[in-house]
Amino acid sequence: MPYTLIRNDITTCRVDAIVNAANVNLKMGGGVCGAIFSAAGAGKLQKACEALAPIKTGEAVITKGYALPARYIIHTAGPVYHDGKPYEETLLRMCYINALDLANKHGCKSVAFPLISSGAYGYPKERALIVATGAISQWLMKNDLDVLLVVYDKTAFMLSNELTGKVRAFIDENYIDERKAKFDRSSRLYEDVSLDYMETEACLMRIDSSLQAPQRPVAYEAETISKKLLHEASPGEFIGRLDEPFSATLLRLIDAKGKTDIEIYKRANIDRKLFSKIRTGKGYMPSKKTAVAFAVALELSLPETRDLLERAGFALSRSVMFDVIIEYFITRRHYDIFEINNVLFEYDQPLLGG
């Protein structure tokens, strides 16, 4: 997918370029900066940096990657956090934009970022994440590049307290433990299943009121009615009852929403090549996270999302954490896929896109 979050050591990422959270003098520092210098070869990298120093806050320059798996190192100097004035956020955004522009200029297809300024420079992690996500997603709407935001562990990643609290409350209220769903007759999942069963039974009994044998099993009635329908329908009529395939539904929805292909696959965090496969390939079936990503990009309601997922063979369940989180955002009509992915990442769930 074009933009994703991973927990890893940035110096081991096999990408075209990694980004160094540098100081304006491009000297070897601590934290991410020190780790990158050490892994690349401190002597050679320092010599290359001296030829480019000093730089301004928000500016970006590029050197070879030397001993790193990455071909290039892009050095950008983030702001030191003081009081959260707007100019500090502007400078932090420019770090990402300038680094991405530089990677694109040098023909990079992939780049890995740390969460700039969130360490020794004191930028609050939740704010730094919002700025990073906003800058990267904005840039990707007009450009093609695979971008990784790399955090070493959960201590380097933090959502806003407000968002975390709302999501956690929704999960606590709606998430059904799978084991409880199987055995607890009072659970909501059991009630939903029981309701569907009873509605089906009532419907079948109404279809043919002449059957004066309510003691017959529902399964018998369903089988009898199905055989009758199949017998009476011509082959053409029967095929016409098949559901519209996922790819056809997706393309029809894009047109119905008045959107362009590019706008939708960008908003869905989908690679252009994958979307081309969907557009031209017959019988394409997406992964669940890809199908949900398109539902988010199209800003579908919850019933519409369920319908689209069904056409790919999936459903949303209250006993699956991923599904509950998705339901939280869709029911609130909050369709920022990158913010959704931040929450999924926090809960160790698959990220949306493909």
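**View 1. The largest pocket.** About 600 Å³ of space lies in the largest pocket of this predicted model. It has 27 lining residues, and A21, G31, V32, C33 and G119 come closest to the pocket's centre. A pocket here is worked out on a 1 Å grid over the protein atoms alone: it is an open set of points where a 1.4 Å probe fits, with protein on both sides within 12 Å along at least five of seven lines, and a lining residue has an atom within 4 Å of a point. Points are joined across faces, edges and corners, and the volume is the space filled by probe spheres set on them. Some ground rules: this is a predicted model, where local features need pLDDT of at least 70 and side-chain atom pairs count only at pLDDT 80 or more, while totals for chains, interfaces and linings use all residues. Residues are numbered from 1 along each chain as its sequence is written, and side-chain values use heavy atoms, with hydrogens and water left out.

View 2. At least two lining residues come from each of β2 (17–22), α1 (31–40) and β6 (146–151). Helix α1 gives the most, with 4 residues. Helices (H or I, at least four residues) and strands (E, at least two) are DSSP runs, numbered from the N terminus. Sorted by class, the lining has 15 nonpolar, 10 polar and 2 charged residues. For that sorting, Ala, Val, Leu, Ile, Met, Phe, Trp, Tyr, Cys and Pro are nonpolar, Asp, Glu, Lys and Arg are charged, and the others, Gly among them, are polar.

**View 3. The second largest pocket.** This one has a volume of about 360 Å³. Its lining has 19 residues, and D144, L145, D146, D271 and R272 lie nearest the centre. Two or more lining residues come from each of α11 (261–267) and α12 (272–280). The lining of the second largest pocket divides into 8 nonpolar, 4 polar and 7 charged residues.

View 4. The cut-offs are under 20% for buried, over 50% for exposed and partly exposed in between (1.4 Å probe, protein chains only). Follow the chain for 81 residues and you reach G354, whose C-alpha atom is separated from that of K273 by 10.0 Å.

**View 5. R311 in its loop.** R311 is found between α14 (302–310) and α15 (321–331), in the loop. Despite its charge class, R311 counts as buried, at 18% relative accessible area. Its side chain makes a 3.4 Å polar contact with the side chain of T249. A polar contact is a pair of N or O atoms within 3.5 Å; within protein, one must be able to donate a hydrogen and the other to accept it, and residues adjacent in sequence count only if both atoms are side-chain atoms.

**View 6. S118 and its surroundings.** Look for S118 in the loop between β5 (110–113) and α4 (125–140). S118 is buried, with a relative accessible area of 9%. A polar atom of its side chain lies 2.7 Å from the backbone oxygen of L115. Setting aside neighbours within four places in sequence, S118 is in contact with Y123, K125 and A128. Contact means heavy atoms within 4.5 Å.

**View 7. A291 in helix α13.** A291 sits in helix α13 and counts as buried, at 0% relative accessibility. Beyond neighbours within four places in sequence, A291 is in contact with F246, P286, L308 and L309. F314 is 23 residues away along the chain, and its C-alpha atom is separated from that of A291 by 8.8 Å.

View 8. A cis peptide bond joins A53 and P54, with omega about -5 degrees. P54 belongs to the loop between α2 (42–50) and β3 (60–64). E299, in the loop between α13 (288–297) and α14, has a positive phi near 55 degrees without being a glycine. E299 is partly exposed, with a relative accessible area of 33%. D348, in the segment after α16 (337–346), is another non-glycine residue with positive phi, near 60 degrees.
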